[in-house]
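Dear colleague,

Please find the structure below, with the sequence. A summary of the findings follows.

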Amino acid sequence: MNNTISKMVIADNQSIDRNSITRLIANILNIYESDPFGTRIIDCNGVTLYQNDYFEKNFDWDYRDKKCWKLFEENETQCPDCPLVNQLKTGKAINLKTTK
């Protein structure tokens with residue numbers, strides 16, 4: 001099976017070529033990198049996939065392959081009132097503040 005993306009089908013049945021996908025991802029990452037605050041992308045399993053330079057420069061966290069509840073709350077299991085669960089249900093982005 002070939003793991004190379006050549007097209008991505010979007011909701012309205014239009015397709016986007018690989019160059020457009022590459023430019024889109026680069027533009028999104030530029031937005032995250034220019035954010036003067038900490039920005040993270042966390043997957044539906046609670047794993048941080050990406051964090052911007054703010055986190056890299058201001059926090060000595062090794063976030064790779066760690067669940068957010070372990071990083072932020074030092075819990076071994078998902079928080080009972082996990083905002084990630086609610087975000088996945090509503091589909092709306094969330095902004096969280098942490099003291100860590």
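How many salt bridges does the count come to, if a salt bridge is a side-chain nitrogen of Lys or Arg within 4 Å of a carboxyl oxygen of Asp or Glu? The count comes to one.

Please note that this is a predicted model, in which local features need pLDDT of at least 70, side-chain atom pairs count only at pLDDT 80 or more, and totals for chains, interfaces and linings use all residues. Residues are numbered from 1 along each chain as its sequence is written, and side-chain values use heavy atoms, with hydrogens and water left out.

The salt bridge joins Glu76 and Lys70, with 2.5 Å between the closest N and O atoms. Glu76 is exposed, at 61% relative accessible area, while Lys70 is partly exposed, at 37% (buried is under 20%, exposed over 50%, partly exposed in between; 1.4 Å probe, protein chains only).

Leaving out residues up to four places away in sequence, Trp69 touches Glu76 and Cys79, among others (contact means heavy atoms within 4.5 Å).

Asn52 lies in the loop between β4 (48-51) and α2 (53-58). This residue, Asn52, is buried, with a relative accessible area of 0%, and its side chain reaches the backbone oxygen of Tyr32 at 3.0 Å.

Yours sincerely

Conventions. Helices (H or I, at least four residues) and strands (E, at least two) are DSSP runs, numbered from the N terminus. A polar contact is a pair of N or O atoms within 3.5 Å; within protein, one must be able to donate a hydrogen and the other to accept it, and residues adjacent in sequence count only if both atoms are side-chain atoms.
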